[in-house]
Amino acid sequence: MNDTVRYEIDGGVATITVDRPDKLNALNVETLHALRDALDTAAEDEARVLVITGAGEKAFVAGADISHMKDLGPSEAHEYATLGHDLIEAIESFPAPVIAAINGYAFGGGAEIALGCDMRVASERAIIGQTEIDLGIIPGWGGTQRLPRLVGDEVARRLIYFGDRVDASDANELGLVGEVVAHDELYDRVDDLAAELASQPAFALAAAKEAINQSHEGPQAAGLAFERRTWTSLFGTHDQREGMEAFLADREPDFE
Ligand code: COA
């Protein structure tokens with residue numbers, strides 16, 4: 001793709017590697033563009049699974065590039081936020097499952113890339129955090145929206161408000177990653193998972209992904225209104241009547 005992003009495809013499994021290990025794979029503008037191009041290529045190649053990881057022994061992605069962000073004014077910051085948002089939305093809506101192979105540090109924008117993926121497999125060496133508060137900012141590439149969805153509101157607030165850096169095992173307990181494996185087994189495990197996903201019916205997988213993504217669409221107000229309408233519509237059904245009558249009669253309900 002360019003010097004900072006590698007792309008490969010093999011047996012329907014595309015792999016994108018952020019390759020700036022001397023800067024712990026921090027994402028500068030060039031790398032963000034290259035990642036976006038790599039995603040487009042994977043889509044053109046009709047990859048059945050996409051894996052995203054980081055080069056080197058230490059980092060998945062240590063975040064947005066702080067040396068680039070340091071002197072940004074509001075309009076440049078908006079532009080940089082847009083680049084990151086577009087990238088992570090493209091990951092989230094990629095028409096096949098995307099696995100984050102978290103091989104080390106995943107901070108700030110690196111954690112947000114992982115949040116945009118369908119599943120996260122962490123090496124036992126991974127350390128993950130929305131650490132932006134330490135820089136006097138907040139997560140700017142979707143972390144405030146996607147993190148609470150994944151780990152729940154209070155845990156997300158704590159992670160974001162305190163900028164905690166959690167190790168792989170804690171991340172797993174919090175639901176931030178799906179599984180943790182020994183460091184030298186990370187890519188074997190991801191290969192197995194990817195091969196299994198690649199053998200699943202691709203249209204059904206893409207449909208499942210789109211449908212699950214839909215469940216996160218729309219503002220909370222719309223969700224609450226939907227809930228209220230649906231809740232109301234259950235009144236008068238056999239099961240609602242039966243369930244409530246059974247409770248009051250202290251017997252087991254006989255549902256349809
Ligand atoms: N942006 C720009 N450069 C970064 C970076 C980032 N997010 N994270 C690391 N780097 C650079 C360092 O400046 C250093 O560059 P240098 O060798 O030219 O001085 C290089 O990567 C290695 O990092 P270093 O801090 O020396 O490694 P370490 O092993 O001591 O610490 C971290 C690793 C990840 C704990 C530390 O680099 C860190 O906290 N990074 C910032 C993480 C962060 O806040 N990310 C959120 C950004 S929104």
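A salt bridge is defined here as a side-chain nitrogen of Lys or Arg within 4 Å of a carboxyl oxygen of Asp or Glu. The structure is a predicted model, in which local features need pLDDT of at least 70 and side-chain atom pairs count only at pLDDT 80 or more, while totals for chains, interfaces and linings use all residues. Residues are numbered from 1 along each chain as its sequence is written, and side-chain values use heavy atoms, with hydrogens and water left out.

By the salt-bridge rule, the count comes to 12. One of them joins the side chains of Asp-71 and Lys-70, with an N to O distance of 3.1 Å. Both Asp-71 and Lys-70 are exposed, where exposed denotes over 50% relative accessible area, buried under 20%, and partly exposed the range in between (1.4 Å probe, protein chains only).

A salt bridge is also formed by the side chains of Asp-19 and Arg-6, at 3.1 Å from N to O. Asp-19 is located in the loop between strand E2 (13-18) and helix H1 (29-44), and Arg-6 in strand E1 (residues 5-10), so the pair ties together parts that are 13 residues apart in sequence. Helices (H or I, at least four residues) and strands (E, at least two) are DSSP runs, numbered from the N terminus. Asp-19 has a relative accessible area of 22% and is therefore partly exposed; Arg-6, at 38%, is likewise classed as partly exposed.

In the salt bridge between the side chains of Glu-242 and Arg-251, the N to O distance is 2.6 Å. Glu-242 counts as buried because its relative accessible area is 10%, whereas Arg-251 is partly exposed at 38%. Glu-92, Arg-146 and Arg-149 are linked in a network of salt bridges.

With neighbours up to four places away in sequence not counted, Asn-213 touches Glu-92 and Ser-93; contact means heavy atoms within 4.5 Å. Asn-213 belongs to helix H9 (residues 202-214) and is classed as buried because its relative accessibility is 19%.

The ligand is surrounded by 17 residues, the closest being Lys-23, Lys-58, Ala-62, Ala-64 and Ile-66. The shell divides into 9 nonpolar, 2 polar and 6 charged residues. In this classification Ala, Val, Leu, Ile, Met, Phe, Trp, Tyr, Cys and Pro are nonpolar, Asp, Glu, Lys and Arg are charged, and the others, Gly among them, are polar.

Polar contacts are pairs of N or O atoms within 3.5 Å; within protein, one atom must be able to donate a hydrogen and the other to accept it, and residues adjacent in sequence count only if both atoms are side-chain atoms. A polar side-chain atom of Lys-58 is 2.7 Å from an oxygen atom of the ligand. Backbone atoms take part as well: a polar backbone atom of Ala-62 lies 2.9 Å from a nitrogen atom of the ligand, and a polar backbone atom of Ile-66 lies 2.9 Å from a nitrogen atom of the ligand. On its own the ligand has 860 Å² of accessible area, of which the protein covers 63%. Accessible areas come from the Shrake-Rupley method with a 1.4 Å probe; for residues, only the protein chains shown count as cover. Helix H2 (66-69) and strand E6 (105-107) are the elements that give two or more residues to the shell around the ligand.

Pro-21 lies in the loop between E2 and H1 and is partly exposed, since its relative accessible area is 37%. Leaving aside neighbours within four places in sequence, Pro-21 is in contact with Ala-55 and Gly-56. Thr-31, in helix H1, counts as buried because its relative accessibility is 0%. Thr-31 touches Thr-4, Val-5, Val-18, Arg-20 and Ala-26, with residues up to four places away in sequence not counted.

Overall, the protein has 11 helices and 10 strands, and its C-alpha trace spans about 70 × 45 × 35 Å along the principal axes. Of its 256 residues, 40% are buried. Among contacts between residues at least 6 apart in sequence, 68% join residues at least 24 apart. The accessible surface of the protein comes to about 14000 Å², with 53% belonging to carbon and sulfur atoms.

Conventions:
A residue is near a molecule or strand if one of its heavy atoms lies within 4 Å of it.
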